[in-house]
Every structure is written in C-alpha cells, then in structure tokens.
Amino acid sequence: MAGRVLSTLILLLSILGCNSEDSASVATGGRIDPSYNGPAETDYCPGSTNYTGSTVTVSGTAKFTRRNPWGTEGAGNGGLGGALTTSPHPASEHPIRYAEVRITDPAGNLVQCGETDGTGAFSLTVPTGAVTYTLSVISRSYNSKLRASVLNRPEQNRFYSLSQTFTASSSVNLGVLMAKASGDNLGAAFNILDQFLEANEYLRSEVGNCSATLAGCLDFTVAPKVVAYWENGFNPNSYFGSSSGLSFYLPGYSRLFILGGNNGDVDNSDTDHFDNSVILHEYAHFLEDNIFTSDSPGGSHNGDRVIDPRLAWSEGWGNFFQAAVRNTAKYTDSLGNDDGTTRLIFDADLETADRDEPTTDGQGNFREFSVTRLLWDAVDANADGPTNGATDNVVSGKFNEIWAALTKSSDGFRDEAYAFRNIGHLHLAQVALNATDWSTIRTMERQHPDTRDYAQYVTTGACADESITPISTNTATNEHFQTNNRFYHFRPTSSATYTITLTYTDNTGPGVVDLDLYVYNKNARFMVAQDVIGYSHSQPSGLGTHTETVNVSLTAGTDYLINVNAYVGAGLGGTATFNLKVNGSQLCPATL
Amino acid sequence: MSGHSLSAIFLFIAVAAIAMATHIADLRKQERRPASVKKEQLTTAPPFKHTEKLRGPLNAMIELIGAHPIAAGDVFVLRGLIHSTKDLQDVEFKWSIPAGLEVVNGTVAGTISILKSNQPTEVQITLRALGPENRQVHLITNAADRGARFADSAQYNTVLQAKIDQRLKAMRASTERAGFRAKSLRKSGAKPGPQPADSNRHGLKIYE
C-alpha cells in the first residue's frame, strides 16, 4: 500500500515537474537558465577525409565585417552628437582565422572538413561529381591557436555558419565569403571568435616562454575551451529578469554571454558583439577562472567607487587585459548601430587618473580603475606622473611578471595559501618574484603591497590592538566600506566549534563607536545572508568596553573571513580600539 | 523487470524525493537566516554568481502613463526617468521614435543642464500609434564627465511590453530554480551534467 502511494506520489511529482518545465520553457521563449546543459554541441571537425579517385578542390577566403567604435578613440566627441555620429559608421574587414570549415552534401551529411588558415583562406577536396555541396565556415575553433565556440544559446547549442553552395564538377574558387555587420549580423559571431584568438595570440606572444626568465611562471600555449553564447537582439540579462543590457561570464561553467541587443533590436539598444573591450574583459574573467583562480564575488561595478577588493581586482584585471590585448589605454563600450542611434555607453581613458582615484593610502586596493592603471603602468612605456609623489619611469613591459604572479603555484595566485584574492596578493606574489621594483607605481595608486587592508591572514599570537575611526556612509564614493571595516582571513587547523570574540573600547566620545562581528564562509559576499555563518551585533549602551561573541562550527583547512564592522546608523562615535580572540587567544597577523 | 525491482526503484526514488524535499526546505530556512537582523540588513544573493560589465552612472527607464495603445489612432504617454549615481552636467536625451508612431506632444531631444545624484529627472512624450503593430520606442541619454563618456538606452514596446515583462519574470524564476538546484547539488557533493567546454582544471565550481 505504502509503495503504491509512494509510486503514485512520484508519478504525480514527475508529471508536475515535466509540466512545470514545459510551461516554464514556453513562458521564457525556450530559454531555461544560463547554466543549462542543452543538446550536445555538434562534434568538431574530426580531421580531413582522404578520397580516392577523382577529386576537386574548393577554395576561397572567409572574412567578417566589424562595426568599429565611431569616433577616434581617445579624441573627439564620438557618440555624443556631431560629426562623428554620421552613418555609416566605420567598419573594417578581417579574416576568419583558424575556424572550422565543413562541407555537407544535399542530405546534410558531412563529407569534408578542415580549417581556415591565418589569412582566412581555405582549401578542401571533395569527390568529383555533379553534386551541389554546401561549404560552411563555422563559428568555432579547436586547435593549437584557439579553443572556442560561439553558439546561439545553452538550450540549443547551435553554432553560426557562413555558407555558400558549389557544384563539384570541377575545382572552384568561391572568392571571399563575407559575414556582415548588418542584416543577420553574422559578422558579430565571428568578431567574438576573433577576439578570443587575439587574446590567445597576445598571451602566446607575451608569456609563451615566461618560465625561461621567471621560475614557476606558466608558459602559455592555448587556453582551455570557452563557449560564448550570443544571439542577435538578445539581452543575456533577461536570465536575471532585467532589461538592462548585460554581458557576463558565468564562473565555473566556462561560458560567456555576450549582449546582442534588446528584444530583437540592435540599432538603438546596447550591444556588445562589436565592443572588443567588453568581449576581452569577459574573456579575462574566463582566464582567471580557468588558468589561475578568482575569488571575485561578482556583481555590479561602475568603476568609480570603493568596492570589495576581490571584485576590484577581478574587474581591474579585466579592464587591463582588454587594453593590453588591444594595445590601447582605452575602455570603449558602444550603443546602437548604423540604422539607429549611436552613443558611447562607457568610454574612459585608462592612462589618466581622472576617475576612481584613491584618496587615502591603501584605498587603491579597493578601486578597480586603480588596479587597472597600475597593471597598465606595468606594461606601458609611458613615464607617468608625478602622482601622489611618485613617477613611473622604471616599470614597463612587465606583463610576464603579472602572469608569473598569477600563475605560480607557490607564492602566486595559485598558491593554496592564498584566499580572498585581491591586488594585495598580486603585490605579494610580484615582490616574491625578486624581479622589478614596482614601488613607484604602487605609490602612484596608493596601493599597499600586501593584504593588510583585506584578507590579512591571522592566527593566534600576541599583537597590539587595532583601531577604527568610522566615517559616514556615502553611496557615491562608498569609502566607508574600507574605513569602517576590517577583514581577516582565518583558516582553522582542526574542525571544531570556535568561540570568536570581538572586544572593543571606545572612550573618545562624544558618540559611541558600535562595532559588530561577522563570520563569512569562503564566498564571503558582504552582508549576503547565504555567506554569513555567524554574527553578533549588539548595541553598546555607552562609552566603555564591549564584546561581541560568535560561536561557529568551522572545518579544518577551510578559509573563513572575519569581519569587524563599524555600524554608524546610530551615529559615528570617535575611535575604538579592538582585538579579536579565538577560544580566548588573540588573533594576530601572520604568514600562511 | 520484477515487481520487487520496480517497487525497490520507486521506493528509492521516493526516499530520494522526500530527502530532497526536506533538504530544500532546510535550505529555504537557511536562506532566510538570520531573520532578525536589526542593523546591517543582510541581502539575498542572485541565483548564479556572475561577472558584470562596467556600467556608467547614467540610467534610463521608460514608464507608460495610462493605457497602452491598442488600435491605430490611440494616443499614449511615456514617461522617461533619467537617473545618475553622481552629479552630471549637460546630460543629453533623445527619444528614438520609429515609423508608425507620431509625436503628439513633448520634446524629442534635449539637454538636462544639471542632473543631481540620485534625483531622477522626468522627460515625457505623448505619441500616437498609426497602426496596431508593435513599435519599439527608445530613450537614449548620454553625458561626459572628466574625460569619460557614458550613455544608456531604455526600450518600450507599444504592444508587447506586458508580455516582455512577463517573460523576464519567468526567466528570472527559471534561473532562480536552476541556481537553487546548483546549490543543492553542491551541498550534496554531486555534480551537474556534462559541461560543453573542456574540463576545468580546478574542477567544476558551482556558485550560488
């Protein structure tokens, strides 16, 4: 009886589940979610087929059109009205390099395949005969140059193809096959693919043999496979229920989602398929997720405020990487197209310190464009400054040091001792290289060369108390995030329930400093409920000494972030001194 | 297959389903925890951790005032809201009006001399639909600040907007369900299905 009831229950649940999925699929136009595993992608070309007997050769060149940002980068008034918005916008033709080529017969059977070369040229053979074949250049590469697919959506996993038919009665040159930047916008898919190749070429050029000069540096050959999902007129932010234009990378899934417009519109909406800054920025996130490692909490950022240093590092790296690959100190994101209205959605110079400027020492570790500028200063040849009393006249061409710091498994980002990674960790790793002195460019950006401002590793010991002097909240600058918080990296050596105690004293007045204690898991997204594993935030009754205590079950060898937070909702107070103890022993800075 | 085997399979699935349901209930409880935060309000994370592209300070939105157009000749009013997270000067705006609509009242393009931080400015336009087809109206705004340039675009669909809003809501719900499943898988130590890309050298990571 019970078995029957359970069976019926399961059947019912299954039916309900199926109906739910189907109705959801209909309601979302066939979209499920960005992590969805749809049908397997069609197998990549297994290699060319050798035909015996009479064959003919089909050859040609594959190219795509790129709609370039209008207005000269770094000059003019591009996108803001005036002469530079005249249509048509500048465009350029580029070869489709190292991409898959497939030839199919009228029934759709694969009869031959190969790849374009570095000029976009292809040459393949098929049996001679009065058969009309279709040659398609595919938006995929899987070779020593690049491993990437540009597909339509996770729910379908279809590639894009630039196709032309031919009859195999004699050898034929198809001439130039052009993927355009208008109409079906096929050029967009190949532009995305081409930018991935640009990134791989840059890395091979800069750090293909970096271990020869920097021990432990990971020599780059080709990046693991990435999939970019793009569809003309589709906004990936739809997955999150928003109509605001968005391109993003999905950590852990090796998937990029590139903005193709909004509800079918590409002429007046934000698109990113020709915004190489955005494409390369998101690819940089793929690299950090797959080749070194990232602890970024993700989320929004506007490039002009104090943010979580892990986010500042990750986004600053992305901004820098696109500039390095494109060899220009610009970040350019455009809106619209020839047939509509055009603007520059975000266009900023990465060389000049005219935005996201640190106002106190150490604040550069919390600002993404400060991170970007520092990395750019490490590779460019400009003698910038003086800024904040320092001039960059010594550091240039050091991408290899950045890469070494990121890829070394000891004293590098891949070092298992590192956690909650931010620019402070990069500085630690760069200093450990015993290579170039970056102190001038760090001073220019008011960055500390270590993790003292965020994720300082602590263990039990003896040390002086620390202090906090809270400031008012300001959502525009968000500087209170740094000033009103302290963040410590704690890794217990044994699994147990720990009592973590914050003791603080404020006798300064006239107000009362109110310090609270939060313990986060490794995700440690600030004030996100899922990541807070324990907290204590009682209200102090007045000046004097107060405690906050948290009892949490911690696992040996796991990273936790302890956050001392000054609550200023009831007033600022003066200065509080404080210490943290675990099971009665004080926590102090140490090296893991 | 014998009856015993079938029963055993059903029983296993049932137990698994009940365990899953209990697990989900527990997770939902955990998601609400801690419920009694009195100071810094804890927030809920999005369903999947993901990076986002840079956004400037400008933001444009369009709202419909009154009824939406149904038939040719219907007049309707759109209100644009232009918002900035910082003080900006000389903020330009432009309504992009497609063929099939005509302007009855309002300014198609203009400049807001000073846009104060977190103080949205309204720009309103009255349009007449010349036919029953869906038309996409855009409000585009742009500004410059310290050598940088920013813009944003908002879209309104004369006929389909309600359906689009419903679809967005459904997609978010679908993504949230997937994020919840991913979280459950992570907690249970299981892995989701095969990934289309190469094996991640660090192993699969599921983010909440």
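## Surroundings of A:Asp506

Beyond its neighbours within four places in sequence, A:Asp506 is in contact with A:Val512, A:Val513, A:Leu543, A:Gly573, A:Gly574, A:Thr575 and A:Ala576 (contact: C-beta atoms, placed from the backbone, within 7 Å). This is a predicted model, in which local features need pLDDT of at least 70 and side-chain atom pairs count only at pLDDT 80 or more, while totals for chains, interfaces and linings use all residues. Residues are numbered from 1 along each chain as its sequence is written, and chains are lettered from A and ligands numbered from 1 in the order in which they are written.

A:Asp506 belongs to strand β21 of chain A, residues 496-506. Helices (H or I, at least four residues) and strands (E, at least two) are DSSP runs, numbered from the N terminus. A:Asp506 is buried because it has 24 C-beta neighbours inside 10 Å. The term buried requires 20 or more other C-beta atoms within 10 Å of the residue's own, exposed means 12 or fewer, and partly exposed is in between, with C-beta atoms placed from the backbone. A:Val395 is 111 residues from A:Asp506 in sequence, and their C-alpha atoms are 44 Å apart.

## The β4-β3-β6-β9 sheet of chain A

In chain A, 4 strands form an open antiparallel sheet in the order β4-β3-β6-β9 (two strands pair if DSSP finds at least two bridges between them). The edge strands are β4 and β9 (161-167), each with a single partner strand, so one side of each has no neighbour in the sheet. Ignoring direction, neighbouring strands of this sheet are turned by 20 degrees against each other on average. The axes behind such angles are lines fitted to C-alpha atoms, for helices over the stretch in contact, and angles run from 0 to 180 degrees between N-to-C directions.

Strand β3 (residues 100-104) and strand β6 (residues 132-138) of chain A run antiparallel and are joined by 4 bridges. Across this pair, A:Val101 stands opposite A:Val137 in β6(A). A:Cys113 is in strand β4 of chain A, residues 110-115. With 21 other C-beta atoms within 10 Å, A:Cys113 is buried. Leaving out residues up to four places away in sequence, A:Cys113 touches A:Cys45, A:Ser48, A:Glu100, A:Val101, A:Arg102 and A:Ile103. A:Ser149 is 36 residues from A:Cys113 in sequence and 16 Å away, C-alpha to C-alpha.

## Nonpolar cores

The largest nonpolar core has 165 residues, of which A:Val150, A:Ala189, A:Ile192, A:Ala228, A:Tyr283 and A:Leu515 touch the most other members. Helix α2 (residues 186-207) of chain A supplies the largest share of this core, 10 residues. A nonpolar core is a set of buried Ala, Val, Leu, Ile, Met, Phe, Trp, Tyr and Cys residues joined through C-beta atoms within 7 Å.

Not counting residues up to four places away in sequence, A:Ala189 touches A:Ser139, A:Val150, A:Tyr160 and A:Trp230. Another core, of 5 residues, lies apart from the largest one and has among its members A:Tyr239, B:Leu168, B:Ala170 and B:Met171.

## Packing of α4(A) and α7(A)

Helix α4 (residues 309-326) and helix α7 (residues 423-432) of chain A pack at an angle of about 65 degrees, and their axes are 8 Å apart. α4(A) is therefore roughly perpendicular to α7(A) (under 35 degrees counts as roughly parallel, over 145 as roughly antiparallel, 65 to 115 as roughly perpendicular and the rest as oblique).

A:Pro309, A:Ala312 and A:Trp313 in α4(A) meet A:Ile423, A:Gly424 and A:Leu426 in α7(A). The residues of this contact comprise 5 nonpolar, 1 polar and no charged. Here Ala, Val, Leu, Ile, Met, Phe, Trp, Tyr, Cys and Pro count as nonpolar, Asp, Glu, Lys and Arg as charged, and the others, Gly among them, as polar.

## Chain B

Chain B has 2 helices and 8 strands, following the pattern α-β-β-β-β-β-β-β-β-α along the sequence. Of its 208 residues, 33% count as buried. Among the contacts in chain B with a separation of 6 or more, 66% are between residues 24 or more positions apart.

In chain B, 4 strands form an open antiparallel sheet in the order β1-β2-β6-β4. β1 (58-65) and β4 (101-106) stand at the edges with a single partner strand each, so one side of each is left without a neighbour in the sheet. From one strand to the next, the twist averages 30 degrees. β4(B) runs antiparallel to strand β6 (residues 121-129) of chain B and is joined to it by 5 bridges. B:Asn105 stands opposite B:Thr126 in β6(B).

## Positive phi values

Most residues other than glycine have a negative phi. A:Ser254, not a glycine, has a positive phi of about 55 degrees, and lies in the loop between β12 (248-250) and β13 (255-258) of chain A. A:Ser254 counts as buried because it has 24 C-beta neighbours inside 10 Å.

B:Arg146, not a glycine, has a positive phi of about 50 degrees. Its place is the loop between β7 (136-145) and β8 (148-157) of chain B. B:Arg146 has 11 C-beta neighbours inside 10 Å and therefore counts as exposed.

Methods
Two residues are in contact if their C-beta atoms, placed from the backbone, lie within 7 Å.
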